[in-house]
Amino acid sequence: MKIICGGWEGHVGPIKYSTPAYYMDIKIPKDGLFEIPIKKNWNSIIYAYEGEVEYSCANKNHQFKALECCVLEKSKDNDLVHTVKSKNGASFMLVGGEPIN
């Protein structure tokens, strides 16, 4: 994983921001899994640029392939955890942040 902006598990990316946000380049190996905690009210997207991705949240599964984007579900009451998997490996950008308004 390359952290471009924001932080993850104590690591911080080089780009500074004025509102809380994150921007990461994530690679999942074959049969890999990655869990994404999304803070309540935050907006987040995944943009796959290589391979196929399946993600699930709150017992809902979604699949998409390279050059497709998916808006992650959010909650106004609780943080959510999204699970991202790939059977053959995949690369995607994870972008998100606190709403400005």
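## Strand pairing around E5

Strand E5 and strand E9, the latter spanning residues 80–86, pair in the antiparallel sense over seven bridges, and within this predicted model Ile-38 stands opposite Leu-80 in E9. E5, which covers residues 32–38, has a covered face made up of Gly-32, Phe-34, Ile-36 and Ile-38, whereas Leu-33, Glu-35 and Pro-37 form its uncovered face.

## The nonpolar core

The largest nonpolar core holds 23 residues, of which Ile-36, Ile-46, Val-84, Phe-92 and Leu-94 touch the most other members. The elements that give two or more residues to this core are E4, E5, E6, E9 and strand E10 (90–97), and E6 provides the largest share, five residues.

Once its neighbours within four places in sequence are left aside, Ile-46 is in contact with Ile-36, Val-84, Phe-92 and Leu-94, among others; its contacts also include Phe-64, Glu-68, Cys-69, Cys-70, Leu-72 and Met-93.

## Aromatic pairs

A search of the whole structure finds two aromatic pairs. In one of them, the rings of Tyr-22 and Trp-42 have centres 5.6 Å apart and planes at 15°, so the pair is stacked. Because Tyr-22 lies in strand E4 (residues 21–28) and Trp-42 in the loop between E5 and strand E6 (43–57), this pair ties together parts that are 20 residues apart in sequence. Tyr-22 and Trp-42 are both buried.

The rings of Tyr-55 and Phe-64 have their centres 6.5 Å apart, and their planes stand at 75°, so this pair is edge-to-face. Tyr-55 and Phe-64 are likewise buried, and Phe-64 is also one of the residues in contact with Ile-46.

Terms used. Residues numbered from 1 in each chain as written. Predicted model: local features only at pLDDT ≥ 70, side-chain atom pairs only at ≥ 80, totals over all residues. Heavy atoms only, no water. Buried < 20%, exposed > 50% of the residue type's maximum accessible area, 1.4 Å probe, protein only. Helix = DSSP H or I, 4+ residues; strand = E, 2+ residues; numbered from the N terminus. Pairing = 2+ DSSP bridges. Phe/Tyr/Trp six-rings, centres within 6.5 Å; stacked < 30°, edge-to-face > 60°. Core = buried A, V, L, I, M, F, W, Y, C linked by side-chain atoms within 4.5 Å. Contact = heavy atoms within 4.5 Å.
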